[in-house]
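This short report looks at a ligand site and then at some backbone details. Have the structure open while reading.

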Amino acid sequence: MHENSTPDDTTTTTLYRAAAAAADGPPALRLPFDATGLTETPISTERLVLRPLEASDAPDVFEYQRIPEVLTYVPWPLRERADAYAHTAKRAAARVLAGDGDYFVLAMTLPGTPSVEDGARDRVIGDIMVRVSSAKHAQFELGWIVHPDFQGKGYAREAASAIRDFVFATLHPHRIQAFLDARNDASAALCERLGMRREATILEEQFNDGEWQDTALYGVLRREWAAARG
Ligand SMILES: CC(C)(COP(=O)(O)OP(=O)(O)OC[C@H]1O[C@@H](n2cnc3c(N)ncnc32)[C@H](O)[C@@H]1OP(=O)(O)O)[C@@H](O)C(=O)NCCC(=O)NCCS
């Protein structure tokens, strides 16, 4: 409790939130959903085109997946090219959301910047995963990664805000959350730019790279997202 608050303030806040939550109604996820349709009608932002990841994007994805610093806070091993290509093919094949753990991945393509191996294609500079955390409770999760050459330019924010809006509008989750290594300041800053709130630091939640690591939980409720959009 804040040092200037009284029990009445806390009670009022709790009652207000309970009423607002009740007004939101029960979970109403719109599943199943097949992201393949976004190949024909991708999400366009000011500078990017967001469409389902394809196995043929592997050369571009490898450009960021092979950089150890990029993986510092991502629980992926450093893969050799063949393994990395297989990993991209597996992520690209995940398209249908029907229940817990199902996910799809959207490639962040930058029109006008050629792909590393095929100049006729636009380069994939990063990707964003959309996952069902809980179908029963209408919870979704986002995860992101961007090539260092394209970080610090607002591309992650541009892509993630468009995907957050798409997910809330199309799939109707009650909240969207992100789990990150508690030391990942760049990812935490991105969450805050997206209007997410740090709700918890979960102590020693993962064992990676030979050590117990804390996880930060960020989240935004559907009604908060709607209010911010006016
Ligand atoms: C997490 C990650 C995606 C964040 O990427 P990012 O590029 O820092 O995020 P943004 O797109 O929000 O860019 C913000 C920066 O761009 C700057 N910027 C420049 N031009 C901008 C523009 N037109 N619009 C918005 N921001 C702009 C902002 O000022 C900000 O700079 P700052 O960090 O110095 O304040 C990136 O650090 C990453 O890929 N990390 C490795 C993988 C990883 O850890 N993933 C998360 C696992 S949970």
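## The ligand and its surroundings

In this predicted model, an N or O atom in the side chain of Gln151 is 3.3 Å from an oxygen atom of the ligand. Ala156 places a backbone N or O atom 2.8 Å from a ligand oxygen. For Arg157, a polar backbone atom is 3.0 Å from an oxygen atom of the ligand.

| Residue | Part of the residue | Distance to a ligand oxygen atom |
|---|---|---|
| Gln151 | side chain | 3.3 Å |
| Ala156 | backbone | 2.8 Å |
| Arg157 | backbone | 3.0 Å |

On its own, the ligand has 960 Å² of accessible area, and the protein covers 67% of that. The ligand takes up the space of the largest pocket.

Which residues come nearest? Of the 20 residues around the ligand, they are Trp144, Val146, Gly152, Ala156 and Asn184. By class, the shell has eleven nonpolar, five polar and four charged residues. At least two shell residues come from each of β7 (139-146), α5 (155-171), β8 (175-181) and α6 (185-193). The largest share, four residues, belongs to α6.

## Backbone details

Leu31 and Pro32 are joined by a cis peptide bond, with omega at about 5°. Pro32 sits in the loop between α1 (7-24) and β1 (33-34).

Glu204, not a glycine, has phi of about 50°. Its place is strand β9 (residues 197-208). Asp209, also not a glycine, has a positive phi near 50°. Asp209 lies in the loop between β9 and β10 (211-221). Is Asp209 buried or exposed? Asp209 counts as exposed because its relative accessibility is 70%.

Terms used:
Residues are numbered from 1 along each chain as its sequence is written. This is a predicted model: local features need pLDDT of at least 70, side-chain atom pairs count only at pLDDT 80 or more; totals for chains, interfaces and linings use all residues. Side-chain values use heavy atoms; hydrogens and water are left out. A residue is near a molecule or strand if one of its heavy atoms lies within 4 Å of it. A polar contact is a pair of N or O atoms within 3.5 Å; within protein, one must be able to donate a hydrogen and the other to accept it, and residues adjacent in sequence count only if both atoms are side-chain atoms. Accessible areas come from the Shrake-Rupley method with a 1.4 Å probe; for residues, only the protein chains shown count as cover. On a 1 Å grid over the protein atoms alone, a cavity is a set of points where a 1.4 Å probe fits but cannot get out, and a pocket is an open set with protein on both sides within 12 Å along at least five of seven lines; lining residues have an atom within 4 Å of a point. A molecule sits in a cavity or pocket if more than half of its atoms lie within 2 Å of its grid points. Ala, Val, Leu, Ile, Met, Phe, Trp, Tyr, Cys and Pro count as nonpolar, Asp, Glu, Lys and Arg as charged, and the others, Gly among them, as polar. Buried means under 20% relative accessible area, exposed over 50%, partly exposed in between (1.4 Å probe, protein chains only).
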